[in-house]
Amino acid sequence: MTTDAVETLAVARTVAALREHVAAYRRRGESVGLVPTMGALHAGHLALVEAARRQCDRVVATLFVNPKQFDRPDDLTHYPRDEGRDARLLDEAGADLLFAPSGAEMYPDGFATTVCVGGVTDSLEGAHRPGHFDGVTTVVTKLLLQSLPDRAFFGEKDYQQLVTVRRLARDLDIPVTIEGVPIVREGDGLALSSRNQRLTADQRAVAPTLARVLRDSAARLADGTADADAVLDGGRRTLLNAGFDAVDYLALCDARDLTPLARADRPARLLAAAWLGPVRLIDNIAVGDAG
Ligand SMILES: Nc1ncnc2c1ncn2[C@@H]1O[C@H](COP(=O)(O)OP(=O)(O)OP(=O)(O)O)[C@@H](O)[C@H]1O
Ligand SMILES: CC(C)(CO)[C@@H](O)C(=O)[O-]
Ligand code: BAL
């Protein structure tokens, strides 16, 4: 455990070790920010760490490729992993502790509990990735209860996940503030994602069309008068013409509870998921100022 003035990244492999570190922070009266990740870190994750550093005395990052949230075995097999690199990046970004448990530590023999959030998980990612959100909400509940942070930081890139985790924390009275962090993008607009590493050069050239379609569609919907169906049909055609292989959804939703909207006449979010070969990209954007 790091107890002297030289701050370097400490690593905890067990829940007991994580709790010891957090207890030491608490004894010193320090606040704690939690940044859950599945590793393969990029500037999007580091923006979460920076936000946590700004708002909390101590930053605990977690690295666990959670098998329960993968709906496709090949996606889990191909998920990029490099803990050494991740630890270096977290250290440089100023995180204090990396919690990197084994599968057996998180799900020991006999593990039999699922946390299931209704409503906000029914559509979009939930409709296309069966079981995904049960896996996310089960592991996030565990991470929150294991570390009991003051704040936990989630990217707006996974917007439905952020809305779901807010619902979960509220419904289960978990005493944590859930903070959303804006999407970090490449210069050409593509939202950073670990899965981008799997794109071929040709697919990478097509990928920014997703962000462009979201931006253009959001601009057309922004004043709340345009009919969403017509705008979104055009957006889906643009994606397919640009080279996307399939569009799972391009949808206009209420920004708070993700119910579908026919027009953006209240705070709204436009969300999309589309395939380039075996890689599934997601992205979203606020519509108007308040989305
Ligand atoms: N481009 C980004 N901007 C802001 N936050 C991000 C970005 N990419 C990921 N995050 C956030 O980082 C956290 C960990 O995400 P995760 O480890 O799944 O990374 P990822 O790049 O989203 O991977 P993938 O989408 O391939 O699963 C989540 O809260 C996620 O929303
Ligand atoms: C929140 C999370 C770390 C839970 O495994 C994951 O869904 C992610 O990386 O967004
Ligand atoms: N980035 C969210 C986690 C997932 O896609 O499984």
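Helix packing, domains and ligand shells in a predicted model

In helix H10, the residues Thr 209, Leu 210, Val 213, Ser 217, Arg 220 and Leu 221 meet Ala 228, Val 231, Leu 232, Gly 235, Thr 238, Leu 239 and Ala 242 of helix H11. By class, the residues of this contact are eight nonpolar, four polar and one charged. The structure described here is a predicted model. H10 spans residues 209-221 and H11 spans residues 228-242; the two pack at an angle of about 160 degrees, and their axes lie 10 Å apart. Because angles over 145 degrees count as roughly antiparallel, H10 and H11 are described as roughly antiparallel to each other. The crossing in which H10 passes H11 is right-handed.

The chain is assigned two domains, with domain 1 covering 10-181 and domain 2 covering 194-287. Taken over C-alpha atoms, the centres of domain 1 and domain 2 are separated by 26 Å.

From H7, the contact takes Phe 133, Val 136, Thr 137, Val 140 and Thr 141, and from H8 it takes Gln 161, Thr 164, Val 165 and Leu 168. Five of the residues in the contact of H7 with H8 are nonpolar and four are polar, with no charged residues.

The residues around ligand 2 are Pro 36, Thr 37, Met 38, Asn 66, Gln 69, Val 136, Val 139, Val 140, Asp 158 and Gln 161. Val 136, Val 140 and Gln 161, listed around ligand 2, are also among the residues that make the contact between H7 and H8. The shell of ligand 2 has five nonpolar, four polar and one charged residues.

Ligand 1 is surrounded by 18 residues, and the closest are Gly 44, Gly 155, Leu 192, Ser 194 and Arg 195. Helix H2 (43-55) and strand S5 (151-155) each supply at least two residues of the shell around ligand 1. H2 gives the largest share, four residues. By class, the shell around ligand 1 consists of nine nonpolar, six polar and three charged residues.

H2 is packed with helix H4 (residues 83-93) as well; the axes of H2 and H4 come within 10 Å and cross at roughly 35 degrees. The crossing of H2 with H4 is right-handed. The contact is formed by Leu 46, Val 49 and Glu 50 from H2 together with Leu 89, Leu 90 and Ala 93 from H4. Five nonpolar residues and one charged residue make up the contact of H2 with H4, and no polar residues are present.

Methods. Residues are numbered from 1 along each chain as its sequence is written. Chains are lettered from A and ligands numbered from 1 in the order in which they are written. This is a predicted model: local features need pLDDT of at least 70, side-chain atom pairs count only at pLDDT 80 or more; totals for chains, interfaces and linings use all residues. A residue is near a molecule or strand if its C-beta atom, placed from the backbone, lies within 6 Å of it. Ala, Val, Leu, Ile, Met, Phe, Trp, Tyr, Cys and Pro count as nonpolar, Asp, Glu, Lys and Arg as charged, and the others, Gly among them, as polar. Two residues are in contact if their C-beta atoms, placed from the backbone, lie within 7 Å. Domain bounds come from an automatic or database domain assignment. Axes are lines fitted to C-alpha atoms, for helices over the stretch in contact, and angles run from 0 to 180 degrees between N-to-C directions. A crossing is left-handed if the near helix is turned anticlockwise from the far one by less than a right angle, and right-handed if clockwise. Angles under 35 degrees count as roughly parallel, over 145 as roughly antiparallel, 65 to 115 as roughly perpendicular and the rest as oblique.
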